[in-house]
Amino acid sequence: MKDSPQIGYSKKVMDHFMNPRNVGVIEDADGIGTVGNPVCGDQMEVSIKVEGDRIVDIRFRTFGCGSAIATASMVTELAKGLTIEEALRITRDDVATELEGLPPRKMHCSNLAADALHRAIEDYRAKQAGGSRGAPD
Amino acid sequence: MVYLDHASAMPVDPRVLAYLRDHGDALCGNPSSLHSVGLAARRELEAARGRVAALINAPVSSSIVFTAGATEANNLAIRGTAERNQKHGKTIAVSAIEHISIINPAKYLVKQGFELATVPVDADGLVSPDVLAGLMTPDTTVVSINYANDEIGTIEPVRELARLVHEEEHRYLHVNATAAGGRIPIDVQSDEIDLLTLSSSDLGGPRGAGALYVAPGVRLQTVMPGGGQERGLRSGTENLPAIAGMGEAARIAGGEMEQESRRQQKIRDALIAGIGGIGETYLTGHPRLRLPNHASFRFGRIEGESILLNMDTLFGIQVATGSACTSQTLEPSHVLLAIGLTHEEAHGSMIMTTGRDTAEEAAPGVIDAVRQTVERLRALSPL
């Protein structure tokens, strides 16, 4: 990063905000993760379909600001096709970097997409472990 | 492009720019200089003072103190009056929906040992005279209530409130008229207002000038000591080009107010009717007692910053929001919380403010753009 703080959103953030990838919910999802809440102004939900050990489908829905929508869209693009182990290694910073940066004050509040993905994987694992219920939020 | 964020910044009226070009020679001197160049500047300064005084029917033009903007005028009004009158009391009462440039000087005074009473508003944003009467004590010296609110458009019953404030001697009413100035008729004499803030930019003048009306007999002290300009209340060489522009903007606004407000009110009513017809959409602020150029809403299940971005990027329409996501503090607008909205509700707010450059024909397109924006964002929302 340069000396001056980023002003506004990068082109990539705007692209993912305007043309979000993988929007929606997977009907028979193997795992669902929800983070944030409407009180804070951001809520994200990620659902995944797993075959073998690989994420073959992933969808998101977001209530929130531009970066909340863009980060969720980006994380679905990053995680699609990865193994569960690989997907768990995706961090918040990875998402921000792939989006060519986020304005500083957006780094914490609306960069929750990696957390939502990890929740979805936890939910998947909990179901695999024998419980038919999803993991608690 | 349809610019609907005039409460944030107004384009300078082309006639004001023409005035500044035509009077350029007279605007370069220092009004304190005694030579001819200084006297020409002094004449411009006093002409501007007279024009601003006329807009609010001030009894004498010397009751107008020019500042560098509304924030400075608000600081002078709140701090200058409270500090000057502290032998009469040390409590200030400020409405819950005041601008931050009033709330923060009030908080500064609290650190200096003053008491602060926050005057609540109802769900439409109105200050109730009964509530205000119940809150004031003999210790209260300054009461600050906005003439109209820039985020929800609600116009306050200023005249009625002024009567209550004046039931006690040495108690002064400050009115921030930044949003109302030039849009609705203001008469500081019949409204019995002691101190009133105006902003050049909100009248269609250049930024960098504001004014505080100080009624004859009201005592306050400066918050900017120095060379003693502006009757000693605001030192510093006057920003004459901005002030002259403010004067011309006030003259134009006063002359056109009736027809221009009627015209913009039609656009406002079309926006309120059209956008209000979208599902889970609610007007914020008073349905009738509101500024003629102001339409504000909240939408269920979506967030304001993404509304703003979508309107701008997809439709070239600029709006504002009180959502936390656009504020430095990451807190939703204190105005929206004060009218009783939950955090979740406040996040979904959108504010539209029209100006002279807004065409009546723009309304149907704007309504359609809002409808499409809301539909797109709701399709993304898990709520």
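## What counts as a salt bridge

A salt bridge here is a side-chain nitrogen of Lys or Arg lying within 4 Å of a carboxyl oxygen of Asp or Glu. The idea behind it is simple: side chains of opposite charge can pair when their charged atoms come close. Keep in mind that this is a predicted model. Over all its chains, the structure holds 26 salt bridges.

## A pair in chain B that spans the sequence

Let's start with E256(B) and R15(B). Their closest N and O atoms sit 2.4 Å apart, so the two form a salt bridge under the 4 Å cut-off. This pair links distant parts of the chain: E256(B) belongs to helix α7 (residues 240-276) of chain B, R15(B) belongs to helix α1 (residues 14-22) of chain B, and 241 residues separate them. As for the surface, R15(B) is partly exposed, at 36% relative accessibility.

## A pair within one helix

Now look at R262(B) and E258(B), which form a salt bridge with their closest N and O atoms 3.4 Å apart. Why are they separated by about one helical turn? Because they are four residues apart in helix α7 of chain B. Both R262(B) and E258(B) are exposed.

Chain B has a network too: salt bridges that share partners join D13(B), R15(B), E256(B) and R356(B).

## Over in chain A

What does E85(A) form a salt bridge with? Its partner is R125(A), and the closest N and O atoms are 2.6 Å apart. Here again distant parts of the chain are linked, with E85(A) in helix α3 (residues 84-88) of chain A and R125(A) in helix α6 (residues 113-128) of chain A, 40 residues apart.

E85(A) is partly exposed, with a relative accessible area of 41%. R125(A) also counts as partly exposed, at 39% relative accessibility.

Technical notes. Residues are numbered from 1 along each chain as its sequence is written. Chains are lettered from A and ligands numbered from 1 in the order in which they are written. This is a predicted model: local features need pLDDT of at least 70, side-chain atom pairs count only at pLDDT 80 or more; totals for chains, interfaces and linings use all residues. Side-chain values use heavy atoms; hydrogens and water are left out. Helices (H or I, at least four residues) and strands (E, at least two) are DSSP runs, numbered from the N terminus. Buried means under 20% relative accessible area, exposed over 50%, partly exposed in between (1.4 Å probe, protein chains only).
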